[in-house]
Amino acid sequence: MRFGALVLVTLGLAACASPRIAPGPSASVRLPEPVVVRLASGIHALLLPDPAVPLVGFELRVRGVAQPPLAAGPDSLEQPGVASLVAETLRRGAGERDAAAFREDVERRGGRVWSSATPRSVRVLGEFLAEDAEFMLDIVGDVLLRPRFDHGEIERARRLAIDGVLADKDDPESVIGRYWTQWALGGGPLGAPVRGDEESLAAITPADVRAAWGRPGQPGPPGPIDLVVTGDLDVGRVTEQLHRIFGAWRADALTEDPSVPGVRSGVLLADKPDAVQTYFRFGGAGIPWDHPDHAARELANTVLGGRFTSRLNTALRIEAGLTYGAGSGFDDERGGLFAVRTYTAVETSAEAIDLALATYRRFRDEGLSQAELDSARAYLQGQYAPDHLETAPQAGSLLLDLRELSVPTSAVDTYFERLDAVTLVDVHRVIRAHFPREPLTWVVIGPAETLRPIVAPLGEVTEVSLGAPGFGPR
Amino acid sequence: MSRAPLRTLVAVSLVLVAVASPVWAAPSPSEPGAPPEIALPEVVERTLDNGLCVLIVPDHDIPNVSLHVFWRVGSRNETTGTTGLAHFFEHMMFTGGARYGAQFDPTMEAAGGSNNAYTSRDVTVYQDWFPSSALPLILDMETDRMSGMVFDPDVVASERGVVTGEWRLYREDPGERLLELLWATAYVAHPYRWDVLGWKDDIDHWTQGDLEDFFRRHYAPEHAVLVLAGDVEPEAALALVEKRMGRIPRGPGRREPHTREPPQEGERRVVLHDPNAALPQVMLAWHVPETGHADTPVLEVVEQILAGGESSRLHMRLVEGDALCLEVSAGLQGPQFDPSLFTVQAALREGGDTATVERVVGEELARLVSDGPTADELTKARNVLRAGMLRRLRTNDGRAELLGETEVFHGGWRRLPARLAALRAVTAADVQRVLAAYVTAKNRTVATLVVGESEE
């Protein structure tokens, strides 16, 4: 096919049905306005039409999976990994299709379905060519209302999960997050490893997995469902199909949001004798997304450890050459738990730990300059849209995150204004109030023989072996 | 390697789709049930007098721009003794323009931008993501570092330390070491045989003269393609580019790599013993043509049939069925200018036997040669490749990457429709022919990772 010498062809990509960008002095961003589909109680369904490319997608989140009965109390033993196995098994057969037929029918159409679990929800996502929208929604119905939970598939999922843990333990970078959250927050819903550990997974039975999903005499998921359908879709047809699929079905609307526990202090040293790199994190309690100081928190963190020229990366990578990356951040899924994160060759462990700590201390003690604040603001605003709102699935996930964490949508729509309003005085107050003070909580992974004397001054040390089952003390 | 903790993009598979015409079209009457075609984005192109090729891909959905500069320089342009230089340059380019120097990153971030880069055996690609209001500044910064580098010895020493650290990081990953060994065994003559990171001794011995010479010869505008995708007005953007980058003079010319890999005339096998590795791995490679060759689309379809998704042949046999492996992948190692490799890579479960995995892979390949793929498998490959293409066309970054790659590796971005048509046209007989031609024992290299020390 021949084309003209200069300007080429065709339809530019059509703009999204509702503008993401509100006109205004600072080119602020705004969440697209979804179409709300009123289904039975307990199901919250949104549509985000976007004809830009002929793809459709969905994301659904179910809460209340594998939670201990409310009456059991906060000390009831969790079974870390059950929700994750539920998520994995949901893709392994639903409705008329066993696991093989499910994946064949999805993949033959060029589609994808993937799933995961977080502390609050089991998530299933999918993406298909636009012409397969009806098929995709049928799959959504099957997965939610008619999952098969075949015994063999649950066993397979469990085996893969255990293998995954063992393989991950060979690479400290893959596992330090799990050691960190369990050490900092304990073995409850927010601290325990979502994907389980060697022991917890071995103890889970297929009956446990099935029980985590249904309730006696009631098919379908146990908790509230959030569903977003995105892309090049026909709103009328999708709405009609969703009504057909869900009919009069009702979900249990009650679910308890896990409370954020206090943060344990002290040092966890996880021994990996053959490690050539030392990985470490330190931090403590922070503030969550819906806190009034959220914008100031983000600005401050950007300067400390939220981008390439952050204080931490500048000190540890650019100036000292001790690491390939150093950063920091607040974990919004866990109440804003704050951590500084980096790694270094074992030989330079002491130097890197000292420098990271010194950089953090200086930041807390001295704060930042107006120039740094302005730079951080420009950075957060300049990077926001491509990271969060360029595609309909991105916007859909953001809407679901806001709902899951009970954060109002205005938090996004007013984000740029809130960033603009933060002064240097505000930032300094927020740093002193919300960036954790010492004694800090630490997790360090590497050869204990080398690291013991180095970590001893940091706090009371608890030592475990990386090879031991689990991710440290609960 | 890229600057944030990301892996080298060695295999950037071009996911392309058949398109017969550049507009929305219904299924053609001669192919009932054929999936509808896709639409290409608007592209404005200009080649400057100094040879710099510029592509503008406007889209106003978000007030942002993605800029990619593709340099036709990679580790294949190196020589023995100075390996790793192309990758080192990727690092140096962020530190040494005459005007911005070490302020490059702080200046970009203060304007709301971020950046990254990657080096492959064939190209080095620089990427900037920024709000459209920062376009003049970003172009000024890119011009600065394209125009001339300042090789401050302290900075060189520091960056040498960083790339050494990166080298060490990759050495710790048994899979990366195995892949390096696979290439080094499959190629005996061509520069593809060494890794993008280079050999450690070469990293330690680069001189100031090596750097200056490399920059002068390879970082010249006639070797580059600049793509701007996003919230820009094409003519205004072109004027800005012309005004700044148009002044950069052409380079002194360079010799293209001339050492061709001789045909492999017998199977090669290599073993890596790693006492620290927990799990065995095996990698197989076959020599295949360069990306621009007519058989490449067939191999992209083969990739999907063999290991694309969980319903693929190798996944069903090795991961699900016999449960021998944790994961398996297959595919082209491209895009590449010179004859490349098609590989199958398997990570085994604990205690797994690599000989068994090799046998299973061999069986599946033989079956595919003799019986050919099913109609469903061909349909799946087409749909998967089309969906992947659409995903890339959905973002500024994806558009910049896809169009830039096509310009560089396929003789021009305008050839996108032709490549798409070729993918769509792949038949079962094509698959059988291509496999029979390339996937032979003689043409095969096998690298095995054995856990623990050698017995001898």
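This is a predicted model: local features need pLDDT of at least 70, side-chain atom pairs count only at pLDDT 80 or more; totals for chains, interfaces and linings use all residues.

Residues are numbered from 1 along each chain as its sequence is written, chains are lettered from A and ligands numbered from 1 in the order in which they are written, and side-chain values use heavy atoms, with hydrogens and water left out.

Salt bridges, then. The term stands for a side-chain nitrogen of Lys or Arg within 4 Å of a carboxyl oxygen of Asp or Glu. Over all chains, the search of the whole structure gives 73 of them.

One of them pairs A:Lys272 with A:Asp274, at 3.0 Å from N to O. A:Lys272 is buried, at 9% relative accessibility, whereas A:Asp274 is partly exposed, at 32%. For those words, buried is under 20% relative accessible area, exposed is over 50%, and partly exposed is in between, with a 1.4 Å probe and protein chains only.

Next, A:Arg429 and A:Asp293, whose closest N and O atoms are 2.9 Å apart. A:Arg429 sits in helix α16 (residues 424-434) of chain A and A:Asp293 in the loop between β10 (277-284) and α9 (294-305), so this pair ties together parts that are 136 residues apart in sequence. Helices here are DSSP runs of H or I, at least four residues, and strands are runs of E, at least two, numbered from the N terminus. A:Asp293 is buried at 12%; A:Arg429 is partly exposed at 38%.

In chain B, B:Arg216 and B:Asp213 form a salt bridge at 3.1 Å, N to O. Both belong to helix α7 (residues 208-218), three residues apart, about one turn of the helix. An α-helix has 3.6 residues a turn, so residues three or four places apart point the same way.

Now the helix. How many residues does α13 of chain A have? It has 13, residues 392-404, and reaches 18 Å from first C-alpha to last, close to the 18 Å expected at 1.5 Å a residue; that expected span is 1.5 Å times one less than the number of residues. Its buried residues include A:Leu398, A:Leu399, A:Leu402 and A:Glu404. The buried residues of α13(A) pack against elements of chain A, among them β2 (43-49), β8 (225-231) and α12 (370-388), with contact meaning heavy atoms within 4.5 Å. Just after α13(A), A:Ser406 has a positive phi of about 55 degrees.
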